[in-house]
Amino acid sequence: MKKQKRTILPMSDIRPINKEALFEAGEKKKRQQGISSVKNVSRRNPLQTKFSEEDKKVWMDYLAREDEKINKNETLDFKRKFSSSKRTKKKIGGKKIIFFKFGILLIIVVFSLNLIIRGLDLKYHGISNANSAVAEILSAKDSLKAGDFEKSYVQFDNAHQKLSQISGQFNGMGKIFVNATKYIPYASKLSSGSHLIAFGNSVSEVGVLASGILKNMDKMRTGEDQGAPISYLKIFHDNEGDLRKIDTLLGDAQGELVSVNLDDVPEKDRAQFIEIKKSLPEINNALTVFLGEEKLFNDILGGNGPRKYLFLFQNNQEMRSTGGFIGSYGMLDIFNGHVRNFFIDGIFNPDGQLKTRIVPPAPVQKISANWSLHDSNWFPNFPTSAEKAIWFYEKTGGPTTDGVITMTPTVMQKMLELTGPIDMPEYGITVDKDNFVGEIQYQVEVDYDKELNNPKKILGDLAPKILDKILNMKNFSEMSKAMNVLVESLNEKQILIYSKNEDIEKVLSQNGWSGEILNTPKDYLSVVNTNINGFKTDGVVKEHISHLVQIQFDGSIVDTVTIVRRHDGGDTPYEWWNKVNADYMRVYVPKGSKLLSADGQTREVDHPPLDYDALGYVRDQDVQKEAETEMIDPENGTKIYEEGENTVFANWVYVSPKETTTIKYTYLLPFKIDINSLHISDSYSLLTQKQSGSLGSVFSSEVNYPSFYKTLWQSQNEGVTRQDDLPNDEVGLKIESDLKTDKFFGIAFTK
């Protein structure tokens, strides 16, 4: 059959429906067909039905309603769409954009709802796995403490597997989305939960690795019981790979904790969370430093051949230049990580063997006519004093040594915090971190065997017990803390190391562990106290050092250093804390500084107790150089001399119990701030070095400069405040800190 061609009328030919014509046509057709009307109009075709008047009215109303719909929804809409081609294109484009935006929004909403549903599903279905993993970790921790490393290994591994699965679910939700929820109110728990799970995952993996290391160490200890000595170097080398993985995992764990919102942590767990967040960086840093200095520790542990180190125990209750009076010494013989011999003895035993007679530094002559090992740490620059100690020790008949290691009681106290109390039944005492200083001092000063006459014996008996507890720790966290104590003590100069090996000494210097007096082209300050016949009173003397810098309008710089020393003894149960503190104080400043005034010191003149030249005493080259450059300020009696790259101001300072003494030095620096047409900018900097062994003086420094100076840069220091209300048209910066470690501050100026 031939397909009929359809005729498409133009829109202009479309007309509204004529209801009357339609009705009449229907009536005509009905009459022709002889069809009568029916009652139910709703079921009839209008073209086939004869209408009554009532039916006609109903049908006309229906057609009217339909006509109105057609006119509104089609005819008028078509006219609007095609009345103008330009308007048509714009509106079509606009609707497409709206539709596109709506579509994207819909996709985002659906995607987000899907993820949130998955997140809620994870929360409710994964919580049992998380709780189970936490229980495994806690059990593993108990197993570690009990020394069951096999069991702890399995438990940590189980926890790791469960947390890895939950972590995978979080990652499946999309990291970007999960992290973004921390900015959404009430939804941040999803982000925090993700980071806590990742933290736990890293910690559980650390536990797996640590258990393996401890298991290996335990096997080595078993071997030691059978006659094979422990090689600490072998322990390090065998486990170095796992230690580096632990270092990385601890760094990851630290990063996860930073991203956790504290408000999302249950209130009962927040204190523990804060403690972990605070201690984790310290542990991680200690391990990082330890691993980074493999060369150093390898040499010290005898990995490059047998090593002998002279140990000097410096008592910082009786301050000396490098940390304290040397009351005991030891000799460590180590090879390939095996300690072949380590003994501790009183310092006066080798001193009694010294045959060579040496002229001591002038202040030491006040208490000793001959210079010996116990006073050898005269110079604040530790490498210099270490060389003196080695020389003296060899002159007493001791062996040649490869270096010197010093330690203060502060290190022992920190170790006792980790080990807990240690019983000393032979002395009738239990030593802990709180009573250590008092009890040991009492045993040394008073309650020792007068017939045996070895007051330092208790130190020789206590040190191995502390060391044994540290080395036999069965918890990796505690071992990490012990490592942190070691690094912290090195940073705070409670432990000093000197090596005759130049390469090793260079590494020590780079880490700030050499105890050197550092050279700097700008301002420098170090206050060094030397207790000479002042008993053990430095344990109860508090010190505050204030440093004021006045940059003049011509660029010259005047410094004022004020040292306040307060004696808190006098009424203690220990006699040695109730004495007058006698201090030979030396203030190290830039070489070439000119003293303008000094106040608060005690003026004394040193008189040699012997005619040293007539008696044939040997003069030390470094002590002699100091004496040759010395001059005495006629107005205030201050000794002024040069040592290395510094000028030194030296005086006697005394402070009695319950009293305070203030010493003040004002001096002109040997350089200026030079800002002119040739130098558009210049800088000022200050390096302040703490005295080795010091517990850390309170320290503040104030730098004042003309208001027409503009600061271009300043170093990022904590505790820095700006001061704009100074007299004489000046502004300034004030730094408040402590001297537990060396401090540096710098600032650059232009006009």
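A polar contact is a pair of N or O atoms within 3.5 Å, where one must be able to donate a hydrogen and the other to accept it. The model is a predicted one, and the distances below are read from it.

**Buried charged residues**

By this definition, the side chains of K414 and E488 are joined by a polar contact of 2.9 Å. K414 sits in helix α12. K414 counts as buried because its relative accessible area is 15%, under the 20% that sets the limit for buried residues. Beyond its neighbours within four places in sequence, K414 is in contact with V485, E488, S489 and E492. K414 and V485 are 71 residues apart in sequence, yet their C-alpha atoms are 6.7 Å apart in space.

D620 lies in the loop between β14 (618-619) and α18 (621-628). With a relative accessible area of 15%, D620 is buried too. Apart from neighbours within four places in sequence, D620 is in contact with W371 and K388. W371 is 249 residues away along the chain, and the C-alpha atoms of D620 and W371 are separated by 9.6 Å. The side chain of D620 makes a polar contact with that of K388. A polar atom of the D620 side chain also lies 3.0 Å from the backbone nitrogen of D622.

E543 belongs to strand β10 (residues 541-551) and is buried, at 12% relative accessibility. Two side chains make polar contacts with the side chain of E543: R565 and S697. Leaving aside neighbours within four places in sequence, the contacts of E543 also include V527, N529, I563, V564, M585 and V698.

| Side chain | Partner side chain | Distance |
|---|---|---|
| K414 | E488 | 2.9 Å |
| D620 | K388 | 2.7 Å |
| E543 | R565 | 2.9 Å |
| E543 | S697 | 2.7 Å |

In soluble globular proteins, nonpolar side chains tend to be buried together. The largest nonpolar core here has 65 residues, and I246, F436, L462 and I466 touch the most other members. Helix α7 (residues 232-258) gives the most to this core, with 8 residues. Not counting residues up to four places away in sequence, L462 touches M412, I422, M424, V431, F436 and I440. A second, separate core has 36 residues, among them M585, V587, F649 and I673. M585 is also one of the contacts of E543.

Helix α13 (residues 436-445) is largely enclosed by the rest of the structure, because 7 of its 10 residues are buried. The buried residues of α13 are F436, V437, G438, I440, Q441, Q443 and V444.

Which helix gives the most to the lining of the largest cavity? The helix is α13, with 5 residues. Of its 19 lining residues, N315, P409, I440, Q441 and L459 are the closest to its centre. Elements that give two or more residues to this lining are β1 (307-315), β2 (325-335), α12 (409-419) and α13. By class, the lining is made up of 10 nonpolar, 7 polar and 2 charged residues.

**The second largest cavity**

The second largest cavity holds about 60 Å³ of space. Its lining consists of S321, P380, K493, G515, E516, I517, S526, V528, Q689, K690, Q691 and S692. By class, 3 of these are nonpolar, 6 polar and 3 charged.

**Positive phi values**

Most residues other than glycine have a negative phi. K493, one of the residues lining the second largest cavity, has a positive phi, near 60°. K493 is placed in the loop between α15 (476-491) and β8 (495-499) and is buried, at 6% relative accessibility. N533 also has a positive phi, of about 65°, although it is not a glycine. N533 is in the loop between β9 (523-531) and β10. Is N533 buried or exposed? At 55% relative accessibility, N533 counts as exposed, since the limit for that class is over 50%.

Terms used
Residues are numbered from 1 along each chain as its sequence is written. This is a predicted model: local features need pLDDT of at least 70, side-chain atom pairs count only at pLDDT 80 or more; totals for chains, interfaces and linings use all residues. Side-chain values use heavy atoms; hydrogens and water are left out. Helices (H or I, at least four residues) and strands (E, at least two) are DSSP runs, numbered from the N terminus. Buried means under 20% relative accessible area, exposed over 50%, partly exposed in between (1.4 Å probe, protein chains only). Contact means heavy atoms within 4.5 Å. A nonpolar core is a set of buried Ala, Val, Leu, Ile, Met, Phe, Trp, Tyr and Cys residues joined through side-chain atoms within 4.5 Å. On a 1 Å grid over the protein atoms alone, a cavity is a set of points where a 1.4 Å probe fits but cannot get out, and a pocket is an open set with protein on both sides within 12 Å along at least five of seven lines; lining residues have an atom within 4 Å of a point. Ala, Val, Leu, Ile, Met, Phe, Trp, Tyr, Cys and Pro count as nonpolar, Asp, Glu, Lys and Arg as charged, and the others, Gly among them, as polar. Grid points are joined across faces, edges and corners, and a volume is the space filled by probe spheres set on the points.
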